[in-house]
Amino acid sequence: MQLIHQLEADAGFERSEIAEVGLSIRRDAAGVLALAPAERPHPDDVARVVPFAEHGVRRAALIAAPGIRDLLLGGRRPLDVQVLAERDEIALGGARLYFTARVPLVVTRCEDDASCGVCGEGVRGCDAVTCTHCSAVTHAGALLDGEERDCFAHRGCCPGCGLARGDFEWLPEIEPGECGRGDGGRG
Ligand SMILES: [Zn+2]
Ligand SMILES: [Zn+2]
C-alpha cells in the first residue's frame, strides 16, 4: 500500500491510499485538487498516480495529463511518466501533495503461513506486523499458544528493510501560515 498526503485548508494533511487501479488527481472549478481511485483517465485529470511492482518492490509512477503546464514534481516540470521517489512533492498552483510508500505499521493477528524475519518461527495465529515497505512479517505480541514474543521491539526495526517504527509515521510539515488555522501547536 502506498499513500498520497494532501494538505487540506483547515485539516492539516489528509491521507489517501493509492488504489490498485490508480489514483486520479483532479482539479475542480475552484482550483482545489481532489483525489479519487480511477481505472482510466478522466477529462478533469491533472495527473494520475499508478502503482506497479518492480522486482517485487511496490512503486508508483506519476503520469501527467497532456497540456498541464503548472504541475511540478519536486519543484520541476515532470516527465510525461515519472517514477515517484519517497516523499516526492507534487505541486499544482497552491496545492501540495506528498507521495510516501511508508504506511504506519499495525499489529494484526496473522493468517499467513509466513515466518518471522527475526526468530524464523511461524507467525500464523500470532500477533504480528507486516512491513508496509518490504512485506517482511515479524512477531509483535501474543503467540498462538498465548505466550508473548515481540520480535519487532526486540530488533528495534524491520528485519527486512531496517526501517524503525517511527520511519513509517512520517508526515509532511506544514509551513507557518499555510494551513487555515495554523498548526503551530500553540495559540
Ligand atoms: Zn519472531
Ligand atoms: Zn520492512
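Which domains does the domain assignment of the chain give? In this predicted model, the assignment gives domain 1, which covers 3-101, and domain 2, which covers 107-168.

**View 1. The two domains of the chain.** Domain 1 takes in residues 3-101, while domain 2 takes in residues 107-168. The C-alpha centres of domain 1 and domain 2 are 31 Å apart.

**View 2. The open sheet of five strands.** The strands of this sheet follow the order β4-β3-β5-β6-β8, and their pairing is antiparallel. At the edges stand β4 (33-37) and β8 (81-83), each of which pairs on one side only. On average, and with direction ignored, neighbouring strands of this sheet are turned by 25 degrees against each other.

**View 3. The pairing of β5 with β6.** Strand β5, made of residues 45-54, runs antiparallel to strand β6, made of residues 57-64, and eight bridges join the two. Within this pairing, V49 stands opposite L62 in β6.

**View 4. The open sheet of three strands.** Here the order is β11-β12-β13, again with antiparallel pairing. The edge positions are held by β11 (107-109) and β13 (137-139), and because each has a single partner strand, one side of each is left without a neighbour in the sheet. From one strand to the next, the twist averages 45 degrees.

**View 5. The pairing of β12 with β13.** Strand β12, made of residues 127-130, is joined to β13 by three bridges, and the two strands run antiparallel.

Note on methods
Residues are numbered from 1 along each chain as its sequence is written. Chains are lettered from A and ligands numbered from 1 in the order in which they are written. This is a predicted model: local features need pLDDT of at least 70, side-chain atom pairs count only at pLDDT 80 or more; totals for chains, interfaces and linings use all residues. Domain bounds come from an automatic or database domain assignment. Two strands pair if DSSP finds at least two bridges between them. Helices (H or I, at least four residues) and strands (E, at least two) are DSSP runs, numbered from the N terminus. Axes are lines fitted to C-alpha atoms, for helices over the stretch in contact, and angles run from 0 to 180 degrees between N-to-C directions.
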